Amino acid sequence: MKESSDEDFAYAMTPLKIMSWPVGTWPLQVYDIFSAIRAIIAILLLLFMLIIVQMELYLDRSDAKKNLDALLLITCGILALSKIIRFRIQPDGLVSNFISVIKDYNELKDQEKRVIMRRHAYMGRLVSASVIFSSCIGSTLYLTIPMLSGDEEKDIVNVTKESTTDYPMPSEYVIALMQLPDNLFFMVFIIEYLMLLFTSTGNLGSDTLFFGIIFHLCGQVEILRLEFNRLGNKNERTMERFIVLIKRHIYLLNLAHMLNETISSILVMQLFSSCVLICTTGFQLILALSIGNIVMMMKGFIVLNAMLVQLFAYSYVGDYLTRQMKGISDSMYFCNWYDISKSMAKDIIYVIMRAQYPVSLKAGNFFIVNMETYMSILKTSMSYLSVLRVMVNA
């Protein structure tokens, strides 16, 4: 099974490495000067992007559409910067979980367990691919739609401006202030494109890393549930096996706690920024519908879709982790407890009681992230959006 285990590990971990290695957050890397340089380059580019966009907002606050684009870039840039710094400076929780992944795949000898791990690896890839696909396709359309219909948009808003150079992000006034020669346009375009690329990689790479390891942990919990359900068979030494499974349960709970500590502060920013962007882009979409601006309508719909998909992914992962952890109590209840000793049956009660205590993803250790959270954020965003709409109509 060694060759098969290697294939399974590559299937589950290779996409995570591809997305996180360029920004220096891959937990299984050698933490040397080369990995530090990658992280420093990503951090400097993100800081430089935030400074440019902030200066652009200060120099020109008259264009509402450009201000909304700048708000989106600032929010995504802060999120990417915080994720890279957090996963780079304090990677202990991720490193411990990924070391456990190596151990799990090296000890993989049972075909039924292999199927469970493969299925959860597929789930991690599917959720990550959904987030990456919606964000990348949305970003491409977000940049190309204004260029493809630039003349039409000018006719709609009925303004006459001098022809300006289009850059990937709002930076026209900053570039003009720097008085760069025209022959450096291509270099400026490449640098700004790299800034946007690192913003996307910092966000999506960190999300992919987190989704993958959470689904692997859920797969291990499902294997533990399978082992608990088999307790009481007469062909095994039940008490010794029971003690091993309890230690495994405690170990998985500690891994979940370390992941929660790693992502907790980032989830606060993620939920807050998602709520703000859903409100602002929804308001932009309503304004675009009222004036018939197709370009603004498409851009608002793209951003809204990307935010909803990312928020749904976090909520679904948190809800799935909670359900898997609670499922251990059901597995203990449906085992052959009537064939074991009375003293061990009493111990099973304590395991069931501990499994009933919810293990959840928490934002700031106080806000549980699950599907109820997703619905609550949507309701709150729609409420604020209705207030904004009434204020504009008034």
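This is a predicted model: local features need pLDDT of at least 70, side-chain atom pairs count only at pLDDT 80 or more; totals for chains, interfaces and linings use all residues.
View 1. Phenylalanine 215 and tyrosine 316 form a tilted aromatic pair, with 6.5 Å from centre to centre and 35° between the planes. Because phenylalanine 215 belongs to helix α8 and tyrosine 316 to helix α10 (residues 294-333), the pair ties together parts that are 101 residues apart in sequence. Ring pairs also link these two residues with Phe312, Tyr320 and Tyr374 into a cluster.

**View 2. Phenylalanine 185 and phenylalanine 189 in helix α8.** The count of aromatic pairs comes to 13. In one of them, the rings of phenylalanine 185 and phenylalanine 189 have centres 6.1 Å apart and planes at 50°, so this pair is tilted. The two residues are 4 apart in helix α8 (residues 185-229), which means that about one helical turn separates them. Phenylalanine 185 is partly exposed at 32% relative accessibility, and phenylalanine 189 is likewise partly exposed, with a relative accessible area of 32%.

**View 3. Two arginine side chains over aromatic rings.** The charged end of arginine 38 sits over the ring of tryptophan 21, at 3.8 Å from its centre. For arginine 118, the charged end sits over the ring of tyrosine 11, at 3.9 Å from the ring centre.

**View 4. Two spans annotated as transmembrane region.** The unreviewed UniProt entry gives the annotation "transmembrane region" to several spans, including residues 184-202 and 267-291. Residues 184-202 are 95% helix and 0% strand, with their end C-alpha atoms 27 Å apart, while residues 267-291 are 100% helix and 0% strand, with their end C-alpha atoms 36 Å apart.

Technical notes
Residues are numbered from 1 along each chain as its sequence is written. Side-chain values use heavy atoms; hydrogens and water are left out. UniProt positions are given in the numbering used here, feature names are shortened, and annotations may be inferred rather than shown by experiment. Rings of Phe, Tyr and Trp (its six-membered ring) pair if their centres lie within 6.5 Å; planes under 30 degrees apart count as stacked, over 60 as edge-to-face and the rest as tilted. Buried means under 20% relative accessible area, exposed over 50%, partly exposed in between (1.4 Å probe, protein chains only). A charge sits over a ring if NZ of Lys or CZ of Arg is within 6 Å of the ring centre and within 35 degrees of the ring normal.
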